[in-house]
Amino acid sequence: MLTFFIRGGSLAGGVLYDRPFVTGPLTGPFPAVWEPGTTFISAIIEPGRFGRLFDPDLNELCDAILPLDELRLPTAQLEDALRSSGDCHQWASDFADWLFKLLDRREGGREPFVLPASLLALPTLDIAARCGMSVRQLERRFAASYGQSIRDSRKMDRYVRALARLMAQPPRHGLLTRVAMDTGYHDQAHMIRDFIQYTGLAPRTLLQGVAADTKGELRLYHYDDEALAVVAGELSHSYKY
């Protein structure tokens, strides 16, 4: 995830972040305290695409925050533009322009390894054969591009799909069991363990907290209909490797 602050900052791990930063995959709850009045804009980078924008291998950033200052990227002009405007649509436009310029600057650089989502569920040996590489080479390139192992990516993919399904449907009897079955869990207990690992909360507790919390730490789980369609995976994506 890539974040720029418009106002304020975020205290995480005892460090105040008020300048742009990027993070790798977060494999557990990551508590952060925002300063009063904090406003920020973030871009979620699609798995496998991180290397098109940034130099570090993503496995170096798992559960870590990297300030963009350390990458010596030109951020000052965008920061000034964001802070001088009060229009969220203009923020998104300026942010997108900056990202496209960053892509243009890196044109002709290394192409990241991107695995088609349909292959992730296959045995690792079969994935390697389809990609024309050894298992060891696959595991190394996958970790560099996705920030974690194939096994951990499968686990996170199940959790993300389950969370999206639960957020996109109204609560009803038997929903947790149905979602667990549909997203590849052995049973509901298996899904609950993953939710506790990633969020610190069981799914029912998380959803109840999100419904009741519009201003606290769970408010980032609130999406409008258009954004929820993206979160729920209802928009198509193209993949290559």
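Student: What makes D87 a cap for the N-terminal end of α2?

Tutor: One of its side-chain oxygens lies 2.9 Å from the backbone nitrogen of H89. A polar contact is a pair of N or O atoms within 3.5 Å, and within protein one must be able to donate a hydrogen and the other to accept it; residues adjacent in sequence count only if both atoms are side-chain atoms. So 2.9 Å for D87 and H89 falls within the 3.5 Å limit.

Tutor: Ground rules: this is a predicted model, where local features need pLDDT of at least 70, side-chain atom pairs count only at pLDDT 80 or more, and totals for chains, interfaces and linings use all residues. Residues are numbered from 1 along each chain as its sequence is written, and side-chain values use heavy atoms, with hydrogens and water left out.

Student: Which residues of α2 are called buried, and why?

Tutor: W91, D94, F95, W98, L99 and L102, because buried means under 20% relative accessible area (exposed is over 50%, partly exposed in between; 1.4 Å probe, protein chains only). They cover an arc of only 135 degrees around the axis, taken from the directions to the C-beta atoms, which puts them on the same side of α2. An α-helix has 3.6 residues a turn, so residues three or four places apart point the same way. The face of α2 turned away from that side carries exposed H89, F100, K101 and D104.

Student: What covers the buried residues of α2?

Tutor: The cover includes β1 (2-7), β6 (39-43) and α1 (76-84).

Student: What makes β6 and β7 the edge strands?

Tutor: Four strands form an open sheet in the order β6-β1-β4-β7, with antiparallel pairing. β6 and β7 (65-67) each pair on one side only.

Student: How do you know that β4 and β7 pair?

Tutor: Pairing takes at least two DSSP bridges between strands, and three join β4 (residues 21-23) to β7, so they qualify.

Definitions and conventions. Helices (H or I, at least four residues) and strands (E, at least two) are DSSP runs, numbered from the N terminus. Contact means heavy atoms within 4.5 Å.
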